[in-house]
Amino acid sequence: MVPAMKTTCCIIGGGPAGVMLGFLLARSGVHVTVLEKHQDFFRDFRGDTIHPSTLELLQELGLLDKFLALPHTRVSGLSAIIGGETFCMSDVSHLRTTAKFIALMPQWDFLNFLALEGAKFPTFTLKMGWEAVGLTEQDGRVTGVRVMTHEGPEEIAADVVVGCDGRHAISREAGHLDVIEQGVPIDVLWLRISRHADDPENALGYINYGHVLILINRGDYFQCGYLIAKGDFPAIQQRGLPEFQAGLERLAPFLAGRTGEIDSWESVKLLTVQINHLSQWSRPGLLCIGDAAHAMSPVGGIGINIALQDAVAAANLLAEPLRTCTLTPHDLRAVYHHRIRAVRRTQSFQALAHRLIHHILNRPGPLKPPFFLRVVTRIPGFQRLAGRFIGMGLQPEHIRT
Ligand SMILES: Cc1cc2nc3c(=O)[nH]c(=O)nc-3n(C[C@H](O)[C@H](O)[C@H](O)COP(=O)(O)OP(=O)(O)OC[C@H]3O[C@@H](n4cnc5c(N)ncnc54)[C@H](O)[C@@H]3O)c2cc1C
């Protein structure tokens, strides 16, 4: 097939990494086409946390005030209720950033915002409902993307293809990039429960009786993540909904009377948690970033921000060679070398947290908060340090394009 379209950079996937990279490259004058397989950004399983590092990027782009005009909630500290006792785990209010809080905003609002800002540049094209189904290659170099649209198959020729298509990326599979899996002992059940105005604000994690429940405030409802041992969902279903509902109420008693809203297992989605990374993020003509290059766990709510930092680093390193048509495989490898240490260290932290969570899931009785937690959370500066890690990440990037 002769490619019907030609672009400089074809981005597969309109998630946080893809839309941010598309926006930044288009802003630098590079012709960019972003492909998103869904017709809209409205999907429930996406995380909702926009951290201070991302808000700082928006400030650098001159977009922060406009962004914060969208409906959102702000949290400056995150607490965990462990065995009925409240522990303040992190505090971002001291950070040297313009916005000293985490903005909780449905991710579709964030993506729509960036996509609308991108559309202001004539070099930005976003194709919704276009699914990448393969790559085209010539002499060992990726030269474009094969796409399925509602009107039929298409081919797009590109100087470079960037895979931002998440943990089940076609880009890494079709690009024959090796995935290194790291075993994960937990999964997440994803459900909604209505929220009342007087419900606790900052308490995010409820940990007791061998269970962990995360509540994300989405205004009139909580997006709930209920952590389970990997493979346990069929056994939980077999024990029945009433036991499941009672378990939720035991963890967060203020939810009493509302768990009946989960009236069938249809309202409970199983999301498999993965941690993995590619041994190389690129080959000639192809680069993967975000979850496509390194799937992140939901622990710490840091995956979106890591994906966005990857996008900023990629734009900083690639905009100039793309604009001047001088891009080399070395430029693509530079993105990996720039980001890999921060990504792998963050994944190691998540793996450590998984082990701790798995240990908790195996202790069904009432949980006594561990002594080390009492000590650690009283160390002066602990919450600030944790807040810096969660809020800024290990290697915050800055707009250089
Ligand atoms: C249950 C769960 C909860 C999480 N909660 C949080 C949280 O609260 N905060 C946080 O920071 N992180 C969270 N994470 C991690 C976070 O979701 C990811 O790290 C982050 O979304 C990665 O962004 P991305 O842009 O790389 O990929 P994604 O967000 O996965 O985006 C990929 C995009 O590519 C599109 N796509 C896929 N294949 C194709 C194709 N073939 N053609 C075209 N388009 C395609 C998809 O539709 C999607 O829009 C969570 C993860 C899980 C599993």
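Buried, in my notes, means under 20% relative accessible area, exposed means over 50%, and partly exposed is in between (1.4 Å probe, protein chains only). With that settled, I looked up Arg344: partly exposed, at a relative accessible area of 28%.

**Ground rules.** I'm working on a predicted model, where local features need pLDDT of at least 70, side-chain atom pairs count only at pLDDT 80 or more, and totals for chains, interfaces and linings use all residues. Residues are numbered from 1 along each chain as its sequence is written, and side-chain values use heavy atoms, with hydrogens and water left out.

**Whole chain.** I started with secondary structure and got 11 helices and 20 strands. Helices (H or I, at least four residues) and strands (E, at least two) are DSSP runs, numbered from the N terminus. Next I checked the radius of gyration: 22 Å, close to the 21 Å that the globule rule gives for 401 residues, so the chain is as compact as a globular protein of that length. For my own record, that radius is taken over C-alpha atoms, and the globule rule is 2.2 Å times the number of residues to the power 0.38. I also boxed the C-alpha atoms along the principal axes and found roughly 65 × 45 × 35 Å.

Burial came next: 56% of the 401 residues count as buried. The chain exposes about 17,400 Å², and carbon and sulfur atoms supply 56% of that area. Accessible areas come from the Shrake-Rupley method with a 1.4 Å probe; for residues, only the protein chains shown count as cover.

For contacts I use heavy atoms within 4.5 Å. Taking contacts between residues at least 6 apart in sequence, I see that 76% join residues at least 24 apart.

Charges: I have 38 positive and 38 negative, and their mean positions are 7 Å apart. Lys and Arg count as positive, Asp and Glu as negative, while His and the chain ends are not counted. I place each charge at NZ of Lys, CZ of Arg, CG of Asp or CD of Glu.

**Back to Arg344.** I find Arg344 in helix H9, which covers residues 329-361. Leaving aside neighbours within four places in sequence, I list Gln182 and His277 as the contacts of Arg344. I also took a C-alpha to C-alpha distance to Ala17, which is 327 residues away in sequence, and got 17 Å.

**Ser297.** Where does Ser297 lie? I place it in the loop between strand S20 (286-288) and helix H8 (303-323). Ser297 counts as buried, at 2% relative accessibility. Its side chain reaches the backbone nitrogen of Val299 at 3.0 Å. I count such a polar contact when a pair of N or O atoms is within 3.5 Å; within protein, one must be able to donate a hydrogen and the other to accept it, and residues adjacent in sequence count only if both atoms are side-chain atoms. Beyond four places in sequence, I see Ser297 in contact with Val273, Gln274, Ile275, Gln350 and His354.

**Positive phi.** Most residues other than glycine have a negative phi, so I made a note of two exceptions. His176 has phi near 55 degrees and is in the loop between helix H5 (170-174) and strand S12 (179-182). Cys325 also has a positive phi, about 55 degrees, and I find Cys325 in the loop between H8 and helix H9. Buried or exposed, I asked of each? His176 counts as exposed at 61% relative accessibility, and Cys325 is exposed at 63%.

**His31.** I located His31 in the loop between helix H1 (16-27) and strand S2 (32-36). It is partly exposed, with a relative accessible area of 45%. Not counting residues up to four places away in sequence, His31 touches Thr7, Thr8, Cys9 and Thr123.

**Two longer spans.** Glu155 is in strand S11 (residues 152-163) and is buried, at 11% relative accessible area. I put its C-alpha atom 39 Å from that of Arg218, which is 63 residues away along the chain. Ala235 lies in helix H6 (residues 233-239) and counts as partly exposed at 30% relative accessibility. From Ala235 to Arg74, 161 residues apart along the chain, I get a C-alpha separation of 37 Å.
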